[in-house]
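Here are a few exercises to work through with the model open beside you. Try each task before reading its solution.

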Amino acid sequence: MTTFLSAVTADHFDTEVLQQHWIPLAADDADTAAVLRERLGIDFSAARNQVWESDNFLYLPVLADYQRGETIERATIVFALGGEFLVTLQPSEHFVPFDRAVAKMRRNTALAGSAHGVMYALLWALNEESERVLQHAADALESLREEIESAVDGHDRHASVADILGTMSRLSAAEQIVSRVRQTQVHLARAARHLTADMPPGHELDGVIGALGAGIDGVRQYAEVEHDKLRHLHQSAGTWLEVRQSRIVEACTLLTAVFLPPTSVAASYGVIFTSIPDSPWPHLLVVTLVMALAAVLPLAYLRKRGLRR
């Protein structure tokens, strides 16, 4: 019985309370968009993904990152803030991050009592989602850090150049996520500033808006820390690759130094002696000694110059 009453209460809140000040508009809902344009004068096409102000509405686009399963997706949310209504142009499919905002407004019904309160809750939810996305990237980054440090310190002797290149590719993917979150925080901070400036004097949300700005800045700083970690890991992986490649070049140099001179001697011997003498052993012994000397001298020279241990 309690579960049933809770469900009814939640449904009543969503349909009766929220819709008094919040109108979510799906991106592909052309019919509702036409009605809103006719009745309220809302025209999202005029905003063109930039801050824009008409007589009755302030348009604020926000690039939002959110997690769907194990993937990180991105969407543009455009807020149209008016004195009585907040209209959000959002993805056609169910936009999961706003579920947190609805839950927050259920706990604090005063937020749903005005368009500004609803927008505060939605921005708060987007900021919470940014932090969640960052935590997802940080977890992946920790695993990559262990792989790179194990290879650099020599604990993973089986790590190959291809392995580190794959790790660097995943680092680049993580860096893209962190960079997107940094951009999202810029958009959220801008939206929070405009929300504060547009709020009527003496509004009951005056105090919490400052906390929202601090929360947005905190996630931005978190993103900066993770970005610095990514740069450090990129440098470590790049250094490991340079050392590994230098060792490969060194090995190729040694092989060339060992085999090229004896091969040249053998080729010269074959050209000079077009016919095999009756007693070839003295000649073969001389050629063998010359070939051995041709192989040893370059190695001794490389060791003396410190190019070979």
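Two strands pair if DSSP finds at least two bridges between them; helices (H or I, at least four residues) and strands (E, at least two) are DSSP runs, numbered from the N terminus. This is a predicted model, where local features need pLDDT of at least 70, side-chain atom pairs count only at pLDDT 80 or more, and totals for chains, interfaces and linings use all residues. Residues are numbered from 1 along each chain as its sequence is written, and side-chain values use heavy atoms, with hydrogens and water left out.

**Exercise 1.** Work out how β4 pairs with β3 and with β5.

Solution. Start with β3 and β4: they run antiparallel, joined by eleven bridges. Leu 60 has Phe 79 in β4 as its bridge partner. Now look at the turn: two residues sit between these strands, and Gly 69 takes a positive phi near 70 degrees. Next, β4 and β5 (residues 86-90) are also antiparallel, with four bridges. Here Phe 79 is partnered by Thr 88, and four residues lie between the strands of this hairpin.

**Exercise 2.** Find which residues touch the most other members of the largest nonpolar core.

Solution. First, the term: such a core is a set of buried (under 20% relative accessible area) Ala, Val, Leu, Ile, Met, Phe, Trp, Tyr and Cys residues joined through side-chain atoms within 4.5 Å. Among its 38 residues, the answer is Trp 22, Phe 79, Leu 86, Met 105 and Met 119. Then see who contributes: α5 gives the largest share, ten residues.

How values were computed:
Buried < 20%, exposed > 50% of the residue type's maximum accessible area, 1.4 Å probe, protein only.
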